[in-house]
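Subject: Structure for you, with notes

Hello,

Here is the structure for your files. Please open it first, then read the notes below it.

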Amino acid sequence: MASINQKSLMGLTVKYKAEAQSFDEENLKVHRRVSMTKRFSWTLSAVLSLGLVLLTWPVTLRGASSSIPSRGVQADPPRQSNNLTDVVHSGEFHAFRIPVPDLWLDIFQKIKAAGLNAVRLVYSSLRRDNILTLYSSIADTSTFSSGGLSNPSRDVLDFDDWRNLQTLFDAAKAAGLFIVLRPGPYINAETTAGGIAHWVTSEVAGDLRTNATDFEISWTPYIQAIIDAVVPNQVTNGGPIIDNEYSQSPISHAVYFAQLEAAYRDGGVVVPLTYNDPGMGLNFINGTGAVDVYGLDSYPQGFDCSDPETWAPVTLNYHQYHEEANPSQPFYMPEFQGGSFDPWGGPGYDACESLTGPDFMDVFYKENWASNVKLISFYMLYGGTSWANLPYPGVYTSYDYGASIRENRVLSDKFDELKRQGLFLRSSPELRKTDWIGDTSTGAVSVNGSAAFVTLLHNPGTNTGFYIARQHDSTSTASTDFSLSVDTSKGVLSVPRTFSSINLNGRQSKVIVTDYTFGGSQLLYSTASVLFAGKIGNRDVLYLFGDSNQYHEAAFEISLTNSLLKSSSPSISISSDSTNAIDTVTFLPGINGLVTIFETESLLVLFSDPITAATFWAPVVPGNSPLTNYWQFGSNETVLVGGPYLVRNVTIEGNELKLTGDLNRSTILTVFAPDNVRTVSWNGLPVDELKQAQGSSSALTGQLTMESLSSLQAPQLTNWKFADSLPEIKSDFSDKNWVTANHTKTNIIVPPQFGDGRVLYGCDYGFCEGAVLWRGHFIGTGQEKSVNLSIAGGTAFAASVWINDVFIKSTPGDNSTPSSTDEVFEFPSGSVKVGKDNVITVVQDNTGLDESGSTTNDPKSPRGIQGFQLDVGNITTWKVQGKLGGYTNYPDKTRGIFNEGGLFGERAGWHLPGFDTSSWTSRSLSEGLPNNNAGIGFFVTTFDLHVPGGTDIPMSFVFEDNSERYRALLFVNGWNYGKRVGNLGPQTKFPVHQGLLEYNGKNVLFSDMIMCSTVAVALWSLDANSTVTPKLSLVIDGQISGGVGPIAVNNPSWSPRHVV
């Protein structure tokens, strides 16, 4: 295959920048992610099988096929399909956003249950320029790695506890998921500094994300540690990719990519390296730094959830772009919109879930199929929590993302659509290798109905056709009807044949299949959707579904009249065409629930409405190979299970089908299993009232009863203890052990704006995370009336200023969200002490470091005091203090570098379990600070949880919903798990998981135990004489029996600290 030269690439860049539907450029700058690319020879190594050295099969794509598909249907242009036998259907998951390793398996099992085969994982240094890729078939999970978490300071690497990669790999292996790993150095992901370790932003003088020598030295130890962890776990023993959402020019960018590639290859990584390109930029396909598999990044709805009913249309030129950019590679989308982030003051994540809900997934995901996308990962599948000081300034604590699995791990309505699509893709091997033939606009598909738009994909080996239909105006909410001509083994047919037209609701897409295989049987065509197709025992099983207010039909090249017809519903009819030997089933409107259409000893066809279809699961029955839990590679055996909230695992031992999973209510269990299955157990107990379904030889039904949890109540949060957390403004406070801020040079991109040249940026003194306190000293003359301060803390930051023990004001003084302010702070009358040492105290919040934007050095963000000037005289000494120990010697190694900031209570460990508050004042949190003062106080209480074993009870802490001007940090058993900003919002609810909360004592499964939990709130009131009355409660988000199993608790308690 001839390669595309650089001149051609430049031409294509111009062309596609003009043709591509508009992207929100600002949002794209904000929302950068990983990617994948290379020239035109590629290796499809099944995904990195977490924690396992496994097979890899190289597949070298040859030139595009020039043959014409059978029956005279020609691809235009011919799609490369030689040897392309696998589909990656994946979702993004960030392990660091749920720091409870035993719950990673919970997320992975849910992903697997939706029919996916992989997970894309981001591992944080924090970093994200380099990504590990390990491929799989039909479903993959993507994971980030972050160097900021595991590389807290120069030459210090920490992969312990919840930062451990092997634990992550093992969990994915247990679930049967392959992994695409994205380890950095730069990960974006709405993380502070975009994932680059904070120490790098102040200690590296060279340009970040380039081939600058000192930057290369900074990432080398971290990347080597990633390599050491990955190589033993490769499918072949290998696996990274490269930087995320980046450009190939200037050359320093490209050389940087080449350095990363060389590091991985030299370290023994052999799986493909990949990259994701935002906005069709044609980067890293050829030339310096080119990767193995190029990928396209797309968020068609953007990142504004404020009007979720308003859609942008589908992107029309995906396929054309791929054909001209990299046609000999599989079409890969390493990031496609699975939700959206939400900014400070935004509408909240329920609105983001609505914007990217099931209807969006139905239309936009299937449009990707129509563009012949074969490898895809949805960002995010589970968003999780940007706890502590993890987020970048643009977002708040929750990273729920409106994803299919919500932040509290509850399955949303989006999950149902994800599963309907996932099981169809897993059931459809013919879709793995298809030619793009054309669509309505090219004349390749004949459609009667101008409002419908249909694309045809064709498998050249099996002649299976996939007609993917949507409305021409993909944003339309109106209903439309159409019919079309389809090419089948019986010739060209006009469908439907038994009623007038196929109906498309507003914002709906359908896949009409032709010559479609299920097991060893053949479906001639179907206007109904396919949920499942395959073999269960000795039966060929087909499960169709469709809206109950629409007509549907399916045609078979077999005689149905001799089969045992199960349905007596007047909404189902069968007609025979003896001339063409076609039997057609018509499904009339009104069908609700599951209907057996017909059944023999070797054949079973089912139909239901979509809601009923979403209650069914097709878990993988483990095989006997090393890839025992991996569909296609370790097992092709499955069963259909209807009713439960979640089916996690299944095994067949003799005549017993053993199911494990979750219930959120009592339900009827329906099982389609091999004929030898006679008994069924659920979570180790026999299923009640198990019997063969009436008139069916293939279905078993029984009753699953969920024991009542109505007596389970969340405890009230009472008996609060209070202590002042701002001793720094008192006259007897000594800062002699604080760091003297006397630097005159900095690598931060914004130099001091005014003053005497001293640099007052926290990161330059080791204090990059959370609140930082500054104390400026001067000898008063009585002439001083004010100080001009320029303070930078990032979007939505705040700062409060005192002169001695007298409050001046906070900035910003309104509800705006600037990243910095420049104000004059006037000293109240009598506040300056003449002839004595006076102290200006600045408490400055830090909402994180910026991601790369207009320059690669944006993470070198100014956080601190950009300028200072007394109106008269000079500030002689500046002292600074942030988190205890800074980033080189912080005490809490378990919770990690981001957990604590510089508030006195944090430095003293007041938030940790076991800290003795018996001498503190009793004061309710809802009373706020004494005398309505501005300032900072700590409130601490404890409570008992009595949670039955064998359950999964999601819980959240909820603040009142008002706009009072305060900021609060929520600590749960020492974990900094929420930042509430009352005057900005929108977040008031903070999910906290089991493992952080003490549910079951020492984690003895299936036993009831009581264990004390500690909650602390650091309350910062921004204004004097202002009513601040925060209220906090603990609520139960759901009651689920089952769960993933034992959840270990790792909440180290308080120990004495030397507080400065």
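Ala-796 lies in the loop between β40 (786-792) and β41 (799-803). Helices (H or I, at least four residues) and strands (E, at least two) are DSSP runs, numbered from the N terminus. Ala-796 has a positive phi of about 70°, although it is not a glycine. The residue is buried, with a relative accessible area of 0%. Buried means under 20% relative accessible area, exposed means over 50%, and partly exposed is in between (1.4 Å probe, protein chains only).

Gln-632 also has a positive phi, near 80°, and is a residue other than glycine. It is found in the loop between β27 (616-617) and β28 (640-642). Gln-632 counts as partly exposed, at 24% relative accessibility.

Before you go further, some ground rules. This is a predicted model, in which local features need pLDDT of at least 70 and side-chain atom pairs count only at pLDDT 80 or more, while totals for chains, interfaces and linings use all residues. Residues are numbered from 1 along each chain as its sequence is written, and side-chain values use heavy atoms, with hydrogens and water left out.

Confidence

pLDDT is the predictor's confidence in each residue, from 0 to 100. The protein averages a pLDDT of 88. A score of at least 70 is reached by 86% of the residues. Over residues 1-85, pLDDT stays under 50. The model has 316 contacts for that stretch beyond four places in sequence. Contact means heavy atoms within 4.5 Å. Residues 125-142 also have pLDDT below 50, and this stretch has 213 contacts in the model beyond near neighbours in sequence. Where pLDDT is low, the predicted coordinates should not be read in detail.

Overall make-up

The protein has 14 helices and 56 strands. Of its 1060 residues, 66% count as buried. Take the contacts between residues at least 6 apart in sequence: 75% of them join residues at least 24 apart.

Disulfides

How many disulfides does a search of the whole structure find? It finds two. The cut-off is a pair of cysteine sulfur atoms within 2.5 Å.

The link of Cys-305 and Cys-352 is right-handed, with 105° about the S-S bond. Cys-305 lies in the loop between β7 (293-298) and α9 (318-325), and Cys-352 lies in helix α10 (residues 349-355), so the pair ties together parts that are 47 residues apart in sequence. Cys-305 counts as buried at 1% relative accessibility. Cys-352 is buried at 0%.

Cys-763 and Cys-768 form a disulfide too, with their sulfur atoms 2.1 Å apart. Cys-763 is buried, at 2% relative accessible area. Cys-768 is buried, also with 2%. Counting bonded cysteines along the chain, the pattern is 1-2, 3-4.

Helix packing

Helix α7 (residues 213-230) packs with helix α8 (residues 251-266) at an angle of about 35°, and their axes are 10 Å apart. Axes are lines fitted to C-alpha atoms, for helices over the stretch in contact, and angles run from 0 to 180 degrees between N-to-C directions. α7 passes α8 in a right-handed crossing. A crossing is left-handed if the near helix is turned anticlockwise from the far one by less than a right angle, and right-handed if clockwise.

On the α7 side, the contact residues are Phe-215, Glu-216, Trp-219, Ile-223, Ile-226 and Ile-227. They meet Tyr-256, Gln-259, Leu-260, Ala-263 and Tyr-264 in α8. The residues of this contact divide into nine nonpolar, one polar and one charged. Ala, Val, Leu, Ile, Met, Phe, Trp, Tyr, Cys and Pro count as nonpolar, Asp, Glu, Lys and Arg as charged, and the others, Gly among them, as polar.

Helix α5 (residues 165-175) crosses α7 at roughly 35°, and their axes come within 10 Å. This crossing is right-handed. Leu-165, Gln-166 and Phe-169 of α5 make the contact with Ile-226, Ala-229 and Val-230 of α7. Here the residues divide into five nonpolar, one polar and no charged.

Cis peptides

A cis peptide bond joins Ser-249 and Pro-250, with omega about 5°. Pro-250 is found in the loop between α7 and α8. Tyr-379 and Met-380 are also joined by a cis peptide bond, with omega about -5°. Met-380 is found in strand β9 (residues 375-382).

Best wishes
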